[in-house]
Amino acid sequence: MAFRSGFVSVVGRPNVGKSTLLNRLVGQKIAITSQVAQTTRHRIRGVITLPNEGQLVLMDTPGFSKPLDSLGELLVDESQAAIADADAYVIVVNGNELPGKGDAYVVTQVLEKAAHKDAFILLAINKADQLKQHPGLLGTRCLAYEALLKGYKKSKTLLISARTGKECHEIVPLLLKHLPVGPAYYDEDALTDQRLREMSAEIIREKVMRLTQEELPHSVAIVIDDYNEADPAMTRITATLYVNQASQKGMIIGKGATLIKQIGTEARKDIETLLGHRAHLDLNVAVKANWRRDAEFLKSMGLAVEPA
Ligand SMILES: Nc1nc2c(ncn2[C@@H]2O[C@H](COP(=O)(O)OP(=O)(O)OP(=O)(O)O)[C@@H](O)[C@H]2O)c(=O)[nH]1
Ligand SMILES: [Mg+2]
């Protein structure tokens, strides 16, 4: 059997479960997730290799939403670049809601690119676990989402739950079948293209997204100042949490520094799981006024769009 390979773009509105699905399919947590929209800021690659069969490179993307500032524009650019690059697509939608303008926009963008290449589109109607009491409703929802594909032939719909894994086992074989014959792009045992240093920054950001409220989750950027692996049994990491304005500094530190301590403790535990050994985490908080609009700062964090 010929070895198949290719890039698969995972796209959709914010918060529909794209990163959760990526983690589920890769079998390990490589992308951070949270209840807050716009969690993903980078294009993250997840690699799935089936020996002698093929290799899928899944590209998690930031959700498509109306850009409000430079960071927002970069997120949309990232997603658009991922669509241009792909050999196949997974469009993730939230089965709990009727299709909205955002879904229609994403599907239109994908259809435009897919039609040129005759690429396969998988429509993944997610969060099915929350709808099991309403089977009738589900049928109507599926039809409404399918209608967005305007009869595109090379597509298939699956009703899934990225959280519970329902029907997720069908996804990889289905995608692989539609990829071209080609080489492995990554080592057989690679799971992602991210470095441990970048993943550590993402883990810290996940804790911020999950433990803070109101505008704070979106106001924090993480920079790893030092990543010291001199001791093989204990990685020492120093990071700065940049907030948008001075008033947010106290909010993220919390009364008696409780919040920053909690962020540190939870992040350290996850980083230790990732590394397989102990970690020491030193977190600082600093103000970088309006960093979301600061092109230079975004670039320094690697948040610049690479050419497709
Ligand atoms: N009930 C349920 N919740 C889910 C499912 N998949 C994801 N979620 C939840 O939905 C929220 C958003 O998930 P993410 O994976 O971060 O969503 P995303 O599409 O990557 O979001 P952005 O990166 O912000 O665009 C999280 O709270 C997940 O736990 C699912 O199958 N069922
Ligand atoms: Mg995400």
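Visitor: Which residues is Asn-126 in contact with, leaving aside its neighbours within four places in sequence?
Guide: Contact means heavy atoms within 4.5 Å. Asn-126 touches Val-16, Gly-17, Val-92, Val-93, Asn-94, Gly-95, Ile-160, Ser-161 and Ala-162. This is a predicted model: local features need pLDDT of at least 70, side-chain atom pairs count only at pLDDT 80 or more, and totals for chains, interfaces and linings use all residues. Residues are numbered from 1 along each chain as its sequence is written, chains are lettered from A and ligands numbered from 1 in the order in which they are written, and side-chain values use heavy atoms, without hydrogens and water.

Visitor: Where is Asn-126 placed, and is Asn-126 buried or exposed?
Guide: Strands are DSSP E runs of at least two residues, helices H or I runs of at least four, numbered from the N terminus. Asn-126 sits in strand S5, residues 120–126. Buried means under 20% relative accessible area, exposed over 50%, partly exposed in between (1.4 Å probe, protein chains only). Asn-126 has 3%, so it counts as buried.

Visitor: Which residues coordinate the magnesium ion, ligand 2?
Guide: Donors are N, O and S atoms within 2.8 Å of the metal (3.2 Å for Na, K and Ca); water is not among the atoms, so sites may look incomplete. Here the donors are Ser-19 (OG) and Thr-40 (OG1), at 2.0 to 2.2 Å. Ser-19 lies in helix H1 (residues 18–26) and Thr-40 in the loop between H1 and strand S2 (44–50), so the pair links parts 21 residues apart in sequence. Both Ser-19 and Thr-40 are buried.

Visitor: Which side chains have a polar atom by an oxygen atom of ligand 1?
Guide: Thr-40 places one at 2.8 Å. Lys-127 has one at 3.0 Å. Ser-161 has an N or O side-chain atom at 3.1 Å.

Visitor: What stands out in the phi of Lys-127?
Guide: Most residues other than glycine have a negative phi. Lys-127 is not a glycine, yet its phi is positive, about 70°. Lys-127 lies in the loop between S5 and helix H4 (135–147). At 23% relative accessible area, Lys-127 is partly exposed. Asn-15 also has a positive phi, near 75°. Asn-15 is in the loop between strand S1 (4–11) and H1.

Notes:
Polar contact = N/O pair within 3.5 Å; in protein donor to acceptor, adjacent residues only side chain to side chain.
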